[in-house]
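Subject: Structure handover

Hello,

Here is the structure I promised to pass on.

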Amino acid sequence: MAEQSLTSQLKDALTKQFGEADAETFMTILGENGFDDDESILDDVKDADDSILKDDPNMTPDAFACMQRVCGQYGKEQNPFEDLDDATKMKEWKTKYDETESLYLTQCQTLVQSSRDASLKNVATLGRLHGNVPLIAYCVDTFNRFRIEEFLRSGQDVNSSDFLRMVPFYHAFNEKQKAKKEKTIDLLTTLEAYSARWTHPLELLPSTVFVDDIDDILRYIFGVTQMLGSLLNDEDPGDNDLKVNLELPFQFDLAILPSGGKKTIRNQFTQVDVPAHDDDDDDDDDEEEEEDEVQPESVQDIEGGMKKFGIKPVTFDISQELLNESTAVRTLKRELRSKFMQVGPQRNGRYVMVVDRRDSKKSNKDKIWMYSPQCEQLPDEKENPEKGPSYHRLHQNFVEESLLYKTLKCLIPSARVRLDP
């Protein structure tokens with residue numbers, strides 16, 4: 001989101017401190033003195049000893065001090081942690097904390113589990129006080145990006161303790177928290193709890209790598225992105241049957257089952273072929289599967305799971321010939337939009353598109369499912385829909401982390417027993 005202009009920020013700050021009438025008076029002083037652009041205002045306000053605005057008889061010391069604060073912060077990256085000490089003293093902190101705790105306990109049960117997670121809930125509360133920013137996810141994302149950059153630079157992986165020690169801002173903040181008698185936020189605990197319970201640490205040397213056509217996968221990603229963009233921007237598809245009034249928020253998950261993979265021995269990258277999924281049972285000489293080997297679910301498993309939970313998906317095929325066309329993304333966009341309309345998208349809905357490429361090399365086509373997921377119905381939701389975690393729709397007042405929770409909990413319905421993430 002683009003930053004507000006300096007004049008807009010000044011007006012907002014002055015209105016908040018002095019009221020709308022006085023703020024308008026102070027803003028008029030800017031125009032009367034010829035300050036009609038951000039650069040001239042910054043130059044004058046920062047040089048307080050020779051400031052025209054400060055010397056104006058209608059400018060009060062408090063109003064000029066307010067302008068100085070705004071100009072001093074203008075253009076700087078906002079640090080959501082910097083006013084933590086002030087925020088905790090604000091009257092709304094306790095109210096916001098209680099509200100955040102209730103939302104997370106209802107919508108993200110496996111993330112915030114008990115009163116012992118006070119640090120994690122404080123990070124979430126702080127983010128919600130700063131414009132409903134998903135601050136927990138932001139910190140974890142920054143950590144993972146740092147790990148990748150450090151791995152590419154030095155070939156070494158770093159843990160969360162290294163991250164907090166090596167990144168200046170997080171190190172300074174963490175040291176400040178350690179110096180307090182009572183730790184308000186423990187970033188190390190927050191990072192480790194989030195990774196252990198939800199995302200699991202990113203594997204920089206994975207045990208299995210996918211083998212598939214990256215161009216085809218990107219065409220699906222671009223096609224879905226452009227399809228959703230056309231719906232939100234209300235683009236005319238040229239067909240009255242495809243027009244829809246779709247509004248945010250809603251959730252759309254794209255899952256691609258690749259055509260095959262290779263197992264690797266970590267650090268040595270010795271590759272052993274892992275064949276793509278095959279429905280044929282003609283080969284009687286297959287070796288006995290190891291007990292701990294996880295086999296991919298078959299098409300029948302996926303369709304059986306949908307039938308089990310009463311899901312009526314829209315199914316169709318995308319040919320390799322279409323994907324090879326120069327206009328593949330544009331064609332995909334229109335095809336996906338047509339099928340998505342059959343699913344019946346609505347505000348606050350949740351939708352999944354599964355692209356099954358496991359047999360694409362043999363059949364020369366991919367099988368697609370589009371649906372609104374439902375993998376389980378918990379007792380709380382049957383008794384009180386607003387209390388339980390519905391997986392096929394969003395809560396009216398949802399927290400961003402609940403989107404990931406829904407994806408982890410219910411993506412591709414299975415006829416088999418599913419475990420909590």
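The notes below go from the whole chain to single residues.

**Overall**

Please keep in mind that this is a predicted model. The chain has 421 residues, and 39% of them are buried. Its secondary structure comes to 19 helices and seven strands. Take the contacts between residues at least 6 apart in sequence: 67% of them join residues at least 24 apart.

**Aromatic pairs**

The count of aromatic pairs is five. Start with Phe146 and Phe163. Their ring centres are 5.6 Å apart and their planes stand at 55°. An angle over 60 degrees would count as edge-to-face and one under 30 as stacked, so this pair is tilted. Phe146 sits in helix H9, residues 135-154. Phe163 sits in helix H10, residues 160-166.

Now look at Phe252 and Phe340. This aromatic pair is edge-to-face. The centres are 5.3 Å apart, with 90° between the planes. Phe252 lies in strand E2, residues 251-257. Phe340 lies in helix H16, residues 328-343. The pair therefore ties together parts that are 88 residues apart in sequence. Both Phe252 and Phe340 are buried.

**Helices H13 and H16**

H16 also meets helix H13, residues 214-232. How do the two helices cross? Their axes come within 8 Å, at an angle of roughly 55°. Under 35 degrees would be roughly parallel, and 65 to 115 roughly perpendicular, so H13 and H16 are oblique to each other. The crossing of H13 past H16 is right-handed.

Which residues make the contact?

- From H13: Arg219, Tyr220, Phe222, Gly223, Val224, Gln226, Met227, Leu228, Ser230 and Leu231.
- From H16: Ala328, Val329, Leu332, Lys333, Leu336, Arg337, Phe340 and Met341.

In this contact, twelve residues are nonpolar, three are polar and three are charged. Phe340 is part of the H16 side, and it is also the partner of Phe252 in the edge-to-face pair.

H12 covers residues 187-199. Its buried residues are Leu187, Thr190, Leu191, Ala193, Tyr194, Ser195 and Trp198. Thr190 has a relative accessible area of 3%. Leaving out residues up to four places away in sequence, Thr190 touches Ser119, Leu120, Val123 and Ile136.

Asp117 is in the loop between helix H7 (91-107) and helix H8 (118-129). At 9% relative accessibility, Asp117 counts as buried. Leaving out residues up to four places away in sequence, Asp117 touches Leu111, Val112 and Arg197. Asp117 and Glu101 are 16 residues apart in sequence, and their C-alpha atoms are 9.8 Å apart in space.

**Positive phi values**

- His200 follows H12, and its phi is positive, near 60°.
- Asn348 is not a glycine, yet its phi is positive, at about 70°. Asn348 is in the loop between H16 and strand E6 (350-356).
- Asn364, another residue other than glycine, has a positive phi near 65°. Asn364 is in the loop between helix H17 (360-363) and strand E7 (365-371).

How do the two asparagines stand on burial? Asn348 has a relative accessible area of 11% and is buried. Asn364, at 45%, is partly exposed.

Best wishes

How values were computed
Residues are numbered from 1 along each chain as its sequence is written. This is a predicted model: local features need pLDDT of at least 70, side-chain atom pairs count only at pLDDT 80 or more; totals for chains, interfaces and linings use all residues. Side-chain values use heavy atoms; hydrogens and water are left out. Rings of Phe, Tyr and Trp (its six-membered ring) pair if their centres lie within 6.5 Å; planes under 30 degrees apart count as stacked, over 60 as edge-to-face and the rest as tilted. Helices (H or I, at least four residues) and strands (E, at least two) are DSSP runs, numbered from the N terminus. Buried means under 20% relative accessible area, exposed over 50%, partly exposed in between (1.4 Å probe, protein chains only). Axes are lines fitted to C-alpha atoms, for helices over the stretch in contact, and angles run from 0 to 180 degrees between N-to-C directions. Angles under 35 degrees count as roughly parallel, over 145 as roughly antiparallel, 65 to 115 as roughly perpendicular and the rest as oblique. A crossing is left-handed if the near helix is turned anticlockwise from the far one by less than a right angle, and right-handed if clockwise. Contact means heavy atoms within 4.5 Å. Ala, Val, Leu, Ile, Met, Phe, Trp, Tyr, Cys and Pro count as nonpolar, Asp, Glu, Lys and Arg as charged, and the others, Gly among them, as polar.
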